[in-house]
Amino acid sequence: MVSLLKTPLYERHVELGARMAGFGGWIMPIQYTGVLEEHRAVRSAAGIFDVSHMGEIRVSGKGALFFLRKLLTSDPASLETGQVQYSLMCCESGGVVDDLLVYRLGEESFLLVVNAGNKDKDVDWLRGHQKTTGHGDSVEIRDISAETGQIAVQGPRSAEILGKLCEAKLEGMRYYSFLKTRVAGLEALVSRTGYTGEDGFEIYLRVGETKEAWDRIMEAGKPAGLVPAGLGARDTLRLEASMPLYGHELSQSTTPLEAGLERFVSWGKGGFIGREALEQEKREGVKKKLVGFVMVERGVPRAGYELLKMGRVIGKATSGSYAPSLDGCLGMGYVQAQEAVAGNRIEVMIRGRWAAAEIVNRPFYKKKGGWSNGRE
Amino acid sequence: MGESELKYTREHEWIKVEGTKALVGITDYAQEALGDVVFVELPEVGKELEIGDVLGVVESVKAASDVYSPCRGKVTAVNEALFNNPELVNKDPYGDGWMVEMEFTELAGDLLSEEQYEARLAEEGK
């Protein structure tokens, strides 16, 4: 039997009374006090998440930039040191191997942050393409996941909370940028990124120092309403913000164009793996499209439920839940491209019964005020 | 009223019998295991149910669970408060979180006493 990996914060979660469950090969906290309470805390104050399960891969060397331009859909050449980019890694068919964040650490050095469950597959994929892209010797690929801990602090008060402990100034930091600094005296890489639709930070630390950082952030954040938040709240938050989740909205049988992520495909940079397939798809038009929908009739949509139009199946839900901030039920799913129109009335087959829903523009939830993104 | 007057099913429903009427809900263990309840689906008043029929559905943030009828009979009332306040199932599973009232003709033969139900949970390591 394969045993589940434990993050450096495992004991903390148990002490906090978290409900633990397997996720992506790790045993992770699903919730502490309750998903709704944690969700609302992140929207109104701040939440702290253990995201140490995420994979971290260093790609460096003279050929690193060219190699990544070939492997990813985005163009990391457009990044300056200190900037972060969302990107996708595709296979020849245009299907998504993984979605990830690229950090430009230096001229020839990058950090890829990938999904926990895909990490080994990604490392193999990258290494497997070193030779085929002619970068056998000029690129070093190092899986540093085991030596890296990661904590996310998310919510409108996250800058204020982390600001108390961070050596560098956070106020002026742009969305999707990062700094190497100290948090509670510990060496850390801090980026203004996240997966909740709120302002927030992701903090990368040495694995052995993660617990101390967690404790210090918890202590500093308590007066401002910081609470530990689990994967349950992370999922409802990202769903409201309409962010794709690998294995749900993204997989090797869906392309970035179908998922509505063309803005992360750099057509101007030249060849990359999957380009031909994506170009063809763009020429011919996608057959299915990812949409967001809200329930008009009562019912909770779930991943896998059929989506219908006048009784005819037009697609399938990929995620769905009650959305605490919007106090309604909503979901995302793939439908035939011609049906992917905001305002279109559809039905969701909920446990043998049809319930009316409406396709709407995404994201469902937008942070009030917005923040400087640096990209768009 | 103590909870000891209640009988339990192996599927974590409770039933409280008074004459030929019975109230049905889900147990404290069940609501705790489900997490935040966000939606409850209940039958129409007048519906006839057999023992073991799906009586309703409880949806938490993450999952949907069927609730099974612990008796044969007719639904005489449903707890409409749950439509707008499904969290009552979490807050007060044996009280305000009740789900249906039934006029019953037969009870399931394998209902458990509180001690038996507790023992069963313990046995399953719950």
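**Figure 1. Aromatic pairs in the predicted model, with Tyr86(A) and Phe264(A) in close-up.** Across all chains of this predicted model, a search of the whole structure finds 6 aromatic pairs. In the pair shown here, the ring centres of Tyr86(A) and Phe264(A) are 4.8 Å apart; the angle between the planes is 75°, so the pair is edge-to-face. Tyr86(A) belongs to strand β6 of chain A (residues 84-90), while Phe264(A) sits in the loop between α7 (231-240) and α8 (275-284) of chain A. The pair therefore ties together parts that are 178 residues apart in sequence. Tyr86(A) is buried, at a relative accessible area of 12%, and Phe264(A) is buried at 9%.

**Figure 2. The pair of Trp14(B) and Tyr94(B) in chain B.** The centres of the two rings, Trp14(B) and Tyr94(B), are 6.1 Å apart, and their planes meet at 50°, so this pair is tilted. Trp14(B) is part of strand β2 (residues 13-18) of chain B, and Tyr94(B) is in the loop between α3 (88-91) and β9 (100-107) of chain B. Distant parts of the chain, 80 residues apart, are linked in this way. Trp14(B) has a relative accessibility of 1% and counts as buried; Tyr94(B) is also buried, with a relative accessible area of 16%.

**Figure 3. An aromatic cluster in chain A.** One aromatic cluster is formed by Tyr103(A), Phe178(A) and Tyr204(A).

**Figure 4. Charged side chains over the rings of Tyr365(A) and Tyr334(A).** Arg43(A) lies over the face of Tyr365(A), 3.8 Å from the ring centre. In the second case, Lys288(A) places its charged end over the ring of Tyr334(A), at 5.2 Å from the centre of that ring.

**Figure 5. The buried and exposed residues of helix α8(A).** Arg275(A), Leu278(A) and Glu281(A) are the buried residues of α8(A). They span an arc of only 130° around the axis, which means that they are on the same side of α8(A). An α-helix has 3.6 residues a turn, so residues three or four places apart point the same way. On the face of α8(A) turned away from the buried side are the exposed residues Glu276(A), Arg283(A) and Glu284(A).

Technical notes. Residues are numbered from 1 along each chain as its sequence is written. Chains are lettered from A and ligands numbered from 1 in the order in which they are written. This is a predicted model: local features need pLDDT of at least 70, side-chain atom pairs count only at pLDDT 80 or more; totals for chains, interfaces and linings use all residues. Side-chain values use heavy atoms; hydrogens and water are left out. Rings of Phe, Tyr and Trp (its six-membered ring) pair if their centres lie within 6.5 Å; planes under 30 degrees apart count as stacked, over 60 as edge-to-face and the rest as tilted. Helices (H or I, at least four residues) and strands (E, at least two) are DSSP runs, numbered from the N terminus. Buried means under 20% relative accessible area, exposed over 50%, partly exposed in between (1.4 Å probe, protein chains only). A charge sits over a ring if NZ of Lys or CZ of Arg is within 6 Å of the ring centre and within 35 degrees of the ring normal. The arc is that of the directions from the helix axis to the C-beta atoms.
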